[in-house]
Amino acid sequence: MTFNGKDYDKNGFMLVLYKIDKAFPRSGPSDGLGGDIVVYGQGFRPEVNPLCRLNGTTYEPVGIKWNEIRCPMPAAQQGLEFFGNVEFAVAANGVDWKYFDGGF
Amino acid sequence: MMSKHPHYGVDVGGTAVEVIGYSFLYKAEYGIVPHCRFGDKIVRAEFDSTVRLVCYSPPNSDISGALTFEVSLNGVDWTTTGQTFSYYKEPTITKVSPDAAPASGGTEVYLVGQNFPNMEGGSEFHCRFSPTNSKMAPKTMAAQYINSTAIMCVSPGGWTEGDRMKL
């Protein structure tokens, strides 16, 4: 950071980059008993509090590794008879939401 | 003297001010030794070439306004260009949030601290993102002043290698 184009701060703050590749599975039973939805990529860290969002509700991941975020698969809010798509997104830094085309 | 860079420096001094012009000289045996004057404070200039001098700003606790900035080759006869130099209180940065961002860029990264001066609009006010584990060149992004304790920079994209940036 510089205010005058010459003197840079010497704090050395780090920004870790991450990349989201895909999520799997992209469908599951309406009772939510289909296992975790796994988001694959790299650069994921639990200390930056990643979040999952399914059908407008935000969930904490059930597991986080450097190359995957495991999101819970809740029962469909519309009931057990529901059949269709809902939005699905993940924020690997807790802030920037990545929405998956086609949802879940 | 034709121009100088930067136009601002921290109150503790030590900012390297690059002066561009022509006919600069250094001949100590004839008393020709370049100087810079920040307000009423005079410092010796580093003679780099006939077109470039470098002066290090002296400490100055007065941050109330712009000071005149001129150069001299003999410490007596000064230019009258009307150039100015202003001081600002040295800022401190205590936190960066978030400290993770997508490689594709576009994240609003907030820097939190104290004594941030409002330099918005100037090309000299920016964040530099330097890869620490790749040989890609650093990227700079214009900073946005929020208030004296917060600044925002949007993270750049286009990183094809490396996964850590020093901000």
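In chain B, 30 Å separate the centres of domain 1 and domain 2, taken over C-alpha atoms. Domain 1 of chain B covers residues 3-88. Domain 2 of chain B covers residues 92-166. This is a predicted model.

**Where the chains meet**

Chain A and chain B touch. On the chain A side, 26 residues are in contact; on the chain B side, 36 residues are. The chain A side of this contact has 12 nonpolar residues, along with eight polar and six charged ones.

Strands also link the two chains. Strand S1 of chain A, residues 14-24, runs antiparallel to strand S16 of chain B, residues 164-166. Three bridges join this pair. One residue pair can be named here: A:Val16 has B:Arg164 as its bridge partner in S16(B).

**A sheet within chain A**

Chain A holds an open sheet of four strands. Their order is S4-S3-S7-S8, and the pairing is antiparallel. Which strands stand at the edges? They are S4 (57-59) and S8 (98-99) of chain A. Each has a single partner strand, so one side of each lacks a neighbour in the sheet.

Strands S3 and S7 of chain A are joined by four bridges. In this pair, A:Leu54 stands opposite A:Phe88 in S7(A).

| Strand | Partner strand | Bridges | Direction |
|---|---|---|---|
| S1 (residues 14-24), chain A | S16 (residues 164-166), chain B | Three bridges | antiparallel |
| S3 (residues 51-54), chain A | S7 (residues 88-91), chain A | Four bridges | antiparallel |

Conventions. Residues numbered from 1 in each chain as written. Chains lettered and ligands numbered in written order. Predicted model: local features only at pLDDT ≥ 70, side-chain atom pairs only at ≥ 80, totals over all residues. Contact = placed C-beta atoms within 7 Å. Nonpolar A, V, L, I, M, F, W, Y, C, P; charged D, E, K, R; others polar. Pairing = 2+ DSSP bridges. Domains from an automatic or database assignment.
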